[in-house]
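Visitor: Please take one part of this structure and look at it closely. Start with the setting, then go in.

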Amino acid sequence: MMAFEVINGSQAAAIAVQRAGIDLVAAYPITPQTVIVETLADFAAKGELGGEFVSLESEYSALSFCNGASAAGARVFTATASHGLAYMHEMIHWCSGARFPIVMANVNRAIGAPWCLDPDQGDSLSQRDTGWLQIYCSGAQEVFDTILQAFALSEELLLPCMVVFDGFYISHTYEAVDIPEIQDVGKFIGPPSFGAQVIPGEPGNLHGMASAENQQRLVRSRHEAMLRAPALYEEINGRYERLFGRKYGAIDAVMPPGARTAILTAGATAETVRWCLPDLEQTGLIQLRMFRPFPAKQLCAVLETYDIEKVLVVDRNCSIGAGGIFAQELKSALYGLARPPAVHDLILAGGVDLTGALIKNALSKMPLENRSTELWGVE
Amino acid sequence: MAAIEQLTQDFLRTKKLPHIWCPGCGNGIVTAAMVRAFKRAGFEQRDIVIVSGIGCSSRAAGYLNFNTLHTTHGRALSFATGLKMARPELHVFVIMGDGDCSAIGGNHFIHTARRNIDLNAVIVNNHIYGMTGGQHSPLTPSGKKATTAPLGTLERSFDLLELARGAGATFGARGTAAQPRQLEQLMVRGAKHKGFSVIEALSPCPISYGRRNKLGGPVEMLLDIKNKSVPVERASEMSSEELEGKNVTGLIYAYDAPEFSEEYYRMIEQFKDK
Ligand code: SF4
């Protein structure tokens, strides 16, 4: 049994967490994440969460709390945004190193100074080297489905997973979302089976001092686990599709016949591009969903299969001094390709809105003789 | 020009008005008391710096026409400490909310008190995270409802002034938005006190706190705050049972102790030729 509900991205995230059979949610409020935790608090108050809900004195404490619970074998979730995520940074590294399969929703919002509420992706992207899986969503349905899948992926690989979506454009925008019943979700994801690290009666010291050599072994095993993610994610999506009829990839490509240009982007901007495609000539969309690990193989395969000449990357972020982050990663993924496409970058850092006019304008400024152009959303 | 208009002209960024606070919010009353206190303390505009954290009350930094720093959630006191150490002659006022100061900024709060640095902390305590929509804070009274505590918060709240005293603050006072003249006087005394001054201002948040807890509108909430406040002089004659659910107001403590920035510069002086 499925039922459509008109909800926003934050509610979709919260309902997915409730359906996932969560043991514990720990969080601290920050705009634009608050609706997620408020919805979960409501579930808890009505006795419908199925797990515990705790609101802590900071994001740092919230993720530390999750670490402790995960060490005890619990399925845990937290949500944050922007400065909250930045404040968690030490713990973000820690839970990956400790192999705690925690799922976190991060609602993109610019980081100060100065204060800004718009959905720059720099908050989550600046956590790219911490050993978390990262998946970007372009709408509320995708948020719902991805959170359920994230638990499966994360617990299998013993790596934490960040599910990312844009503040306001997704977190506060309503759409019809297909919500499976809890018992059906149970067929997709059973109770956590990853095992506790803290076991009463079996005393042990967790995460004590390691030599450089042992540290490297641990880093390598995390790296190798992460590289398994794209294939495993496909498998997980196969199971998900059989149960609920929806499926996603590490990347999702829409290539109209004859497309020679591709627009590559992640998050809500992918949905904007999708809507604009009929108005664009010989242009397709590559929605980057998985960012860590970076699906280089899948990307190159799509670009080669369709013989793409030019890629316009829409980056709602900027690594100061290097440019848009998705464009940087794409360029390095293209290394070694016989005929790599030109990579142009439209930077919407600050959280600037993507419009059809901006896309058309950017496409008109990418002459074939240029291998790379840097364009900015605000002149 | 009437005195109040003059004050507005002198000390507020009138172009930034009207403010964004909800109708009936106490933040405006506390901000106005501050502005009057600056005048009464005889401070020059150029010698005042306002540092604020994050939350509804911290928006005051945008309206006050001084050098103002709008900083990060919980860290206002750390920014202010750096500023005061670099320019000890300035009067530094730090505006925080209860969530900002007592939760995420709790660590900085106790260490600022421990150093007894000459900063003036004004903590607008409305018992809730107002800006993010009404989540419970460490100063939400037990049992009161919040979006993150729909059945009422289980946790205990605590006395911020006693925490500050225990950590070494040398001035602690509590006023309310319902008694703005007293609040203003306390702010003047705090501003003139050498050392870390903590002024807690109890203030109504009718939108994110009052509504959910059925505390009435702004007028009822202000009356409630007023009725629950007991002057410190009277409180000393009351039993703890009688004081249950009440808020002791006035100057709770003030004493002298070495002030950090003075001690620091004294040490530099002492060792400079050695
Ligand atoms: S939410 Fe509360 S504290 Fe914030 S402006 Fe409104 S009434 Fe004031």
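**Helix 6 of chain B and its setting**

Guide: In chain B, take the contacts between residues at least 6 apart in sequence: 67% of them join residues at least 24 apart. The model is predicted. Chain B holds 13 helices and 10 strands. Its C-alpha trace spans about 65 × 45 × 35 Å along the principal axes. A compact globule of 274 residues would have a radius of gyration near 19 Å; chain B has 18 Å, so the two agree. Of the 274 residues of chain B, 50% count as buried.

Now the part itself. Helix 6 of chain B covers residues 106-115. Its buried residues are B:H108, B:F109, B:T112, B:A113 and B:R115. What do they pack against? The partners are four helices of chain B: helix 4 (76-86), helix 5 (98-104), helix 7 (160-167) and helix 13 (260-271). Just after helix 6 of chain B comes B:N116, with a positive phi of about 55°.

The residues around the ligand include B:W21, B:C22, B:C25, B:N27 and B:C56. B:N126, B:G130 and B:M131 are also among them. By class, the shell has eight nonpolar residues, four polar ones and no charged ones.

Next, the partner chain. In chain A, 14 residues are in contact with 17 residues of chain B. On the chain A side, helix 2 (residues 34-45) supplies the largest share, six residues. That side of chain A divides into six nonpolar, five polar and three charged residues.

Helix 9 of chain A has 16 residues, and the count of buried residues among them is zero. This helix is hardly covered.

Definitions and conventions
Residues are numbered from 1 along each chain as its sequence is written. Chains are lettered from A and ligands numbered from 1 in the order in which they are written. This is a predicted model: local features need pLDDT of at least 70, side-chain atom pairs count only at pLDDT 80 or more; totals for chains, interfaces and linings use all residues. A residue is near a molecule or strand if its C-beta atom, placed from the backbone, lies within 6 Å of it. Ala, Val, Leu, Ile, Met, Phe, Trp, Tyr, Cys and Pro count as nonpolar, Asp, Glu, Lys and Arg as charged, and the others, Gly among them, as polar. A residue is buried if 20 or more other C-beta atoms lie within 10 Å of its own, exposed if 12 or fewer, and partly exposed in between; C-beta atoms are placed from the backbone. Helices (H or I, at least four residues) and strands (E, at least two) are DSSP runs, numbered from the N terminus. Two residues are in contact if their C-beta atoms, placed from the backbone, lie within 7 Å. The radius of gyration is taken over C-alpha atoms; the globule rule is 2.2 Å times the number of residues to the power 0.38.
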